[in-house]
Amino acid sequence: MESVRPPKSPGFQGTSPVLARGGAPNGVPTKVTQGSQTKGGIGESTLRPDGTLKVTGEFAYSSDLWHEDMLWGQILRSPVAHAEIVSIDTSEALALPGVYAVMTYDDLPTDVKHYGLEIQDTPVLAHGKVRHHGEPVAIVAADHPETARRAAAKIKVDYRELPVVTDEKSATAPDAILVHENRDDHHIGHVSHPNIVHRQPIVRGDADAAAARADVIVKGEYYFGMQDQAFLGPESGLAVPEEDGGVHLYIATQWLHSDLRQIAPVLGLPEKKVRMTLAGVGGAFGGREDLSMQIHACLLALRTGKPVKIVYNRFESFFGHVHRHPARLYYEHGATRDGKLTHVRCRIVLDGGAYASASPAVVGNASSLGIGPYVVDDVEIEAIALYTNNPPCGAMRGFGAVQACFAYEAQMDKVAGELGLDPVEFRRRNAMEQGTIMPTGQPVDSPAPVAELLRRVKAMPLPPERQWESSEGADVRQLPGGLSNTTHGEGVVRGVGYAVGIKNVGFSEGFDDYSTAKVRMEVVAGQPVATVHTAMAEVGQGGVTVHAQIARTELGVTQVTIHPADTQVGSAGSTSASRQTYVTGGAVKNACELVREKVLALGRRQFGSYHPAWATAELLLEGGKVVTDGGEVLADLVDVLGDEAVEIEAEWRHRATEPFDLRTGQGNGHVQYSFAAHRAVVEVDTELGLVKVVELACAQDVGKALNPLSVVGQIQGGTTQGLGIAVMEEIIVDPVTAKVRNPSFTDYLIPTILDTPTIPVDVLELADDHAPYGLRGIGEAPTLSSTPAVLAAIRNATGLELNRTPVRPEHLTGNA
Amino acid sequence: MRVNFTVNGRPQEADDVWEGESLLYVLRERLGLPGSKNACEQGECGSCTVRLDGVPVCSCLVAAGQAEGREVVTVEGLADYARQRSWGAAPGAPLDSPSGEGTDSLTGEGAELAPIQQAFIDAGAVQCGFCTPGLLVAADEMLEHNPDPSDADIREALSGNLCRCTGYEKIMDAVRLAAARQSEGV
């Protein structure tokens, strides 16, 4: 169904853009140097090395790339959720002037036609069937994006619709239609129905016996809506065919090597012939863990022999990546009169949608972190992920821990209410601490300042009452409804709520979660310079800033060059799970230490005989010099290095983890935990059901803030994404057709600057002795407790139960 | 069709423009100015904000033909625009000395920046940076007519610009910083 056409010149083909020609596409990020006279090591708020490029508009994101003779790719997606494909006719599309190729499943070049992060269940292009709304069916390359869109619209696909399964009841019915027939993945053996991706029970102690001791038992059922990552830079990239028959992909992703492992087999190329370079990434938040347009662009480039760029628009982006799992959560908490938890039972049902993506790992997180940062000896937990015909769900910031935190924190408030205890005091009495045993049997072996974080966030001054009042009357911008001018304070009540959460850091359950760094040290223009080369995806988090800081601290240089991320160096693992500063930061630190040893050996060889300290003292590199730990200068690095370049590439690993037992959930599955607490202050217009979040204060333990400015920025950003799911963000999927109803920023709302309150942050630094510099991964924890704190505040203001998130006006006015 | 307009003080001519192309597309794909961003292309996110005859607009919602004969300022021209404003020259006048000379092509360091650009870097208002160009154009325009904005003023002026990374706090800091530096004449 594919053919290559000679170039045509439609009326709207324009002159070539005024961009660089030849070689690498214009604007692929080149070397970023950060150098200054300041020391700029860890612990300082050094500024981003890519900051200037980003404020001048010169930083090249994946959607900005350009190549001479470049074509545009377009994907045709299924308009229905579940259907057999009876036929596909591409002839009209191919006949359109300017179209170079149209490809379907039948044109895939090898027997490998599926991909996936863990389970290879996702078709590169649909084969005989589509399983969700928006599934890719065919791809087009043309010389103008509008030509490509029009050609895709001319592809005739005959669908015969099938019934859909959309929730636990319909998916696990005995006669339910199977989303995937003939499953042979490694989870099928321990699930009770083929529409369950994975199940993880965790059983510890004796919940029945403990329940008998409880003075109060509180049950609750909760629903957590489907959230979108809504990163602003759309899925995009440029595939350039190479002379050796391979392809070079410039791409916005979270993990280059994971992409590579999935792309190369589909193309029928050895991995060394698929060269990957990270293009500028406009945010990620989990939504770029799975492949999007990577394989499609490469297929079209190899088929046409021309560079192919694909850029999703926002509508397509809502279909082009997985979302946060919606969840239904069932909880039972028991407690004694003196405010101690007796037991927790919970069941967490995650909707994974049509393909597995990261669902198994999300199940592992939701179950193992399912009761929160509390001491409970007797627990029964079960988490499952479903296969349904809803949009596929996978990774998003907080990854399974977010949904659970929303529910267990609501439960904690309910139990406190039953006992007549202050919610913070009740949490304090049950707060975990270092040494607590998790439901998985794993001891928490580093600081776990849960009670302290709550104390700190509670101690922050409250914003003034009636904060909207000004000398000129009510400022509607500070009120619920804002500029809609719906109230000047009438019907507005205030509420305050608290929540705290626990998130794991790094990949868990026995995954070999390593990273690689290559560090080079040499003299350039009379100065010692370090170059750090990793494959880490910088998605905005500031890893490049931190790498330069680590190199300065370890190697005593001011000039550090950050090499572009690509697959010419070993894997850095994923920019997710709050892991990159820990793991790739750890790899950079490790490689720097190895380089330092070689530099010192060079120094000893040349100068050792001049001073006994070369042999006897602990030696450091500081301020461009070799110094003793007593501060005595032994040599300039420039003299030690001379013409030599010292370079080391090395892998680095954190402590190994182990899988959770499939029956009991026991196992040392996690590397590290991360904790944050929030206090939300809201004002609610009870007549219209409108909410104004007035303040969202956060206290978080970060172990060690390598870059305090960036740390606070991460906490505020994560907090705001939690705010979004509390009061506005939800992908609405029609329960009858399983079609997405609101794939746009007009209908899927993320917080604007008017929706977002001030976010005071209190950073605690209690070192984790197992981690580099004592640091803790920080990116996700603030996304957990933000949502339940806002919900608690709204409950506090209104007295309503509110068992689902996001809260919409009809839930507050009684019209739901 | 052919479209003639002025971009960042320089006359530009785009040929063979299809009538359906937006100003954003012509800037990004035909004039080599990809600084204005394409986050939603439906007027909701503000990442494509440019000045059109001085007025901030979503360039994704402006048909390229509507720009005929008009003055456009993008993030790429913001530093020059701010510099000319500080000299009292008419914004949009041809440039005497384009900035960028002596700039490190690898990092952009050494580039002359508008005060709002420098403030975004210094305050930590840039993470992924995709919203940054539109926010800079919008914030610069606000400070032009409101040099001493209240926090509520800043939020109102920037409410058409989505950011997904920062939670907006550092953006607030950056605008306050730029306003303070402006009032101190720094």
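In the predicted model, the buried residues of helix 2 of chain B are covered by elements of chain B that include strand 3 (49-52), strand 5 (71-73), helix 3 (115-123) and helix 4 (132-145). Helix 2 itself spans residues 78-87 of chain B, and because 7 of its 10 residues are buried, this helix is largely enclosed by the rest of the structure. The buried positions are B:Leu78, B:Ala79, B:Asp80, B:Tyr81, B:Ala82, B:Arg83 and B:Gln84. Just after helix 2 of chain B, the backbone at B:Gly88 adopts a positive phi of about 85°.

Chain B as a whole contains 6 helices and 5 strands, and these elements, read along the sequence, follow the pattern β-β-α-β-β-β-α-α-α-α-α. Of the 186 residues of chain B, 59% count as buried. When contacts in chain B between residues at least 6 apart in sequence are considered, 55% of them join residues that are at least 24 apart.

The interface between the two chains brings 62 residues of chain B into contact with 77 residues of chain A. The area buried between chain B and chain A amounts to about 5500 Å², with carbon and sulfur atoms giving 57% of this area. Of the area that chain B buries against chain A, 15% is supplied by B:Trp18, B:Arg155 and B:Arg164, a contribution that is more than that of any other three residues.

Within chain A, two helix pairs were examined for their packing geometry. In general, a pair of packed helices is described by the angle between their axes together with the distance between the axes. For helix 13 (residues 543-555) and helix 14 (residues 580-607) of chain A, the packing angle is about 30° and the axes lie 9 Å apart. Because angles under 35 degrees count as roughly parallel, helix 13 of chain A is described as roughly parallel to helix 14 of chain A. The crossing of helix 13 and helix 14 of chain A is right-handed. On the side of helix 13 of chain A, the contact involves A:Val546, A:His547, A:Ile550, A:Ala551, A:Glu554 and A:Leu555, whereas helix 14 of chain A contributes A:Thr581, A:Thr584, A:Gly585, A:Val588, A:Lys589, A:Cys592, A:Glu593, A:Val595 and A:Arg596. By residue class, the contact of helix 13 with helix 14 of chain A divides into 7 nonpolar, 4 polar and 4 charged residues.

The second pair consists of helix 6 (residues 256-267) and helix 7 (residues 294-304) of chain A, which pack at an angle of about 35° with their axes 10 Å apart. The crossing of helix 6 and helix 7 of chain A is right-handed. The contact is formed by A:Asp259, A:Gln262, A:Ile263, A:Val266 and A:Leu267 from helix 6 of chain A, together with A:Gln294, A:Ile295, A:Cys298, A:Leu299 and A:Leu302 from helix 7 of chain A. The residues of this contact between helix 6 and helix 7 of chain A divide into 7 nonpolar, 2 polar and 1 charged.

Several local backbone features of chain A are located in loops. A cis peptide bond, with omega of about 5°, joins A:Thr805 and A:Pro806, and A:Pro806 lies in the loop between strand 34 (804-805) and helix 19 (809-813) of chain A. Although A:Asp69 is not a glycine, its phi is positive, at about 65°; A:Asp69 is found in the loop between helix 1 (51-56) and strand 2 (71-77) of chain A, where this residue is partly exposed with a relative accessible area of 49%. A:Ala230, likewise not a glycine, has a positive phi of about 50° and occupies the loop between strand 11 (216-224) and strand 12 (236-241) of chain A. At 0% relative accessibility, A:Ala230 counts as buried.

A further loop position of chain A is A:Leu749, which is found between helix 17 (708-727) and strand 33 (761-764) of chain A. With a relative accessibility of 42%, A:Leu749 counts as partly exposed. When its neighbours within four places in sequence are left aside, A:Leu749 is in contact with A:Met728 and A:Glu729. The C-alpha atoms of A:Leu749 and A:Val626, which are 123 residues apart along the chain, are separated by 55 Å.

Technical notes
Residues are numbered from 1 along each chain as its sequence is written. Chains are lettered from A and ligands numbered from 1 in the order in which they are written. This is a predicted model: local features need pLDDT of at least 70, side-chain atom pairs count only at pLDDT 80 or more; totals for chains, interfaces and linings use all residues. Side-chain values use heavy atoms; hydrogens and water are left out. Axes are lines fitted to C-alpha atoms, for helices over the stretch in contact, and angles run from 0 to 180 degrees between N-to-C directions. Helices (H or I, at least four residues) and strands (E, at least two) are DSSP runs, numbered from the N terminus. Angles under 35 degrees count as roughly parallel, over 145 as roughly antiparallel, 65 to 115 as roughly perpendicular and the rest as oblique. A crossing is left-handed if the near helix is turned anticlockwise from the far one by less than a right angle, and right-handed if clockwise. Contact means heavy atoms within 4.5 Å. Ala, Val, Leu, Ile, Met, Phe, Trp, Tyr, Cys and Pro count as nonpolar, Asp, Glu, Lys and Arg as charged, and the others, Gly among them, as polar. Buried means under 20% relative accessible area, exposed over 50%, partly exposed in between (1.4 Å probe, protein chains only). Buried area is the accessible area (1.4 Å probe) that two parts lose on being put together, summed over both.
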